Amino acid sequence: RGIKKLFTVEFDANGGTGTAPQSPAVCNYESCIAPENTFTPPVGYKFKNWSYYNDATGFTSFFAPGENAGVTISHAIREPILVAQWEPIEFEISYDVASDAHATIEDAPYIVKCTYGQECYAATYNGVPITFDTGYKLSHWDWDGTEVSAGQDLSTITTTDGDVINLDAVTDVKVALITYNVLGEAKTIRC
């Protein structure tokens with residue numbers, strides 16, 4: 001039946017960091033199980049799968065941890081390299097109101113799904129079904145003691161996959177400027 005070709009598999013972190021998987025170190029035609037990822041992903045990303053570009057066939061194959069890659073990578077012209085593939089994490093923004101806010105959000109909390117690196121901004125009051133008490137307006141959103149401005153870019157915040165970012169509305173008294181004319185002199189007051 002012949003001798004089974006043995007080959008050593010290398011790993012490419014593809015932007016990740018840390019230590020490469022230790023197994024499989026040596027594979028053959030019949031068995032080469034793609035290992036679990038041990039690299040630390042780039043900020044904002046999570047491991048998706050391993051990819052392998054076969055020089056002999058010109059095709060790229062993808063393998064999840066636990067999948068047998070032996071038949072595919074055994075046709076390699078040189079020692080095969082499994083490359084870590086990353087995908088952006090997803091997280092949610094949960095909008096509610098602070099306990100002392102003079103506002104309500106219909107069906108609170110109001111949830112928005114975001115993907116790392118893609119457009120995701122802290123809502124303005126037009127973006128969330130929020131109603132303010134008379135004389136009040138949105139001041140900012142509170143994220144665990146950190147002030148987040150309406151419209152602030154949240155697409156690259158440091159968080160983990162599936163995390164929920166809680167933003168509570170903080171209100172402020174509306175201020176009106178009234179300008180009037182007294183004996184030909186303009187005066188402005190804040191109310």
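Guide: Ser94 counts as buried, because its relative accessibility is 6%. Buried means under 20% relative accessible area, exposed over 50%, and partly exposed in between, with a 1.4 Å probe and protein chains only.

Visitor: Before we go on, what kind of model is this, and how are the residues numbered?

Guide: This is a predicted model, in which local features need pLDDT of at least 70 and side-chain atom pairs count only at pLDDT 80 or more, while totals for chains, interfaces and linings use all residues. Residues are numbered from 1 along each chain as its sequence is written, and side-chain values use heavy atoms, with hydrogens and water left out.

Visitor: Back to Ser94, then. Where is Ser94 found, and what is Ser94 in contact with?

Guide: Ser94 is part of strand β7. A strand is a DSSP run of E with at least two residues, numbered from the N terminus. Apart from neighbours within four places in sequence, Ser94 touches Pro109, Tyr110, Ile111, Val164, Ile165, Asn166 and Leu167. Contact means heavy atoms within 4.5 Å.

Visitor: And Ile93, buried or exposed?

Guide: Ile93 also lies in β7, and Ile93 is buried, with 0% relative accessible area. Beyond four places in sequence, the contacts of Ile93 include Cys114, Cys120 and Leu154. Between Ile93 and Cys120, 27 residues apart along the chain, the C-alpha atoms are separated by 9.2 Å.

Visitor: Which strand do 6 bridges join to β7?

Guide: Strand β13 (residues 164–173) is joined to β7 (residues 90–97) by 6 bridges, and the two run parallel. Two strands count as paired if DSSP finds at least two bridges between them. Asp96 has Asp168 of β13 opposite.

Visitor: What about β11 and β13, parallel or antiparallel?

Guide: β11 (residues 136–143) pairs with β13 in the antiparallel sense, over 6 bridges. There, His140 stands opposite Val170 of β13.

Visitor: Changing topic: how many salt bridges does a search of the whole structure find?

Guide: The search finds 2 salt bridges. A salt bridge is a side-chain nitrogen of Lys or Arg within 4 Å of a carboxyl oxygen of Asp or Glu. One of them is formed by Glu92 and Lys113, with the closest N and O atoms 2.7 Å apart. Because Glu92 lies in β7 and Lys113 in β9 (residues 110–115), this pair ties together parts that are 21 residues apart in sequence. Glu92 is partly exposed at 22% relative accessible area, whereas Lys113 is exposed at 66%.

Visitor: What does Asp161 form a salt bridge with?

Guide: Asp161 forms a salt bridge with Lys46, and their closest N and O atoms are 3.0 Å apart. This pair links distant parts of the chain, 115 residues apart: Asp161 is in the loop between β12 (146–148) and β13, and Lys46 is in β4 (residues 45–53). Asp161 is partly exposed at 40%, and Lys46 is partly exposed at 25%.

Visitor: β4 is new to me. Which order has the open sheet of 4 strands?

Guide: The order is β2-β6-β4-β5, with mixed pairing. β2 (10–12) and β5 (60–63) are the edge strands, each pairing on one side only. On average, neighbouring strands of this sheet are turned by 35 degrees against each other, direction ignored; the axes are lines fitted to C-alpha atoms.

Visitor: How many bridges join β2 to β6, and β4 to β5?

Guide: β2 runs parallel to β6 (residues 81–88), joined by 3 bridges, and Glu10 has Ile81 of β6 as its bridge partner. For β4 and β5 there are 4 bridges, and these strands run antiparallel; Tyr52 has Ser61 of β5 as its partner. β4 and β5 form a hairpin with 6 residues between them, and Gly58 in the turn has a positive phi of about 80 degrees.

Visitor: Which residues of β5 are on the covered face, and which on the uncovered one?

Guide: Ser61 and Phe63 are on the covered face, and Thr60 and Phe62 on the uncovered one. In a regular strand, side chains alternate between the two faces of the sheet.

Visitor: Finally, where is Leu183 found?

Guide: Leu183 is in the loop between β14 (177–182) and β15 (185–190), and Leu183 is exposed, with a relative accessible area of 89%.

Definitions and conventions:
Axes are lines fitted to C-alpha atoms, for helices over the stretch in contact, and angles run from 0 to 180 degrees between N-to-C directions.
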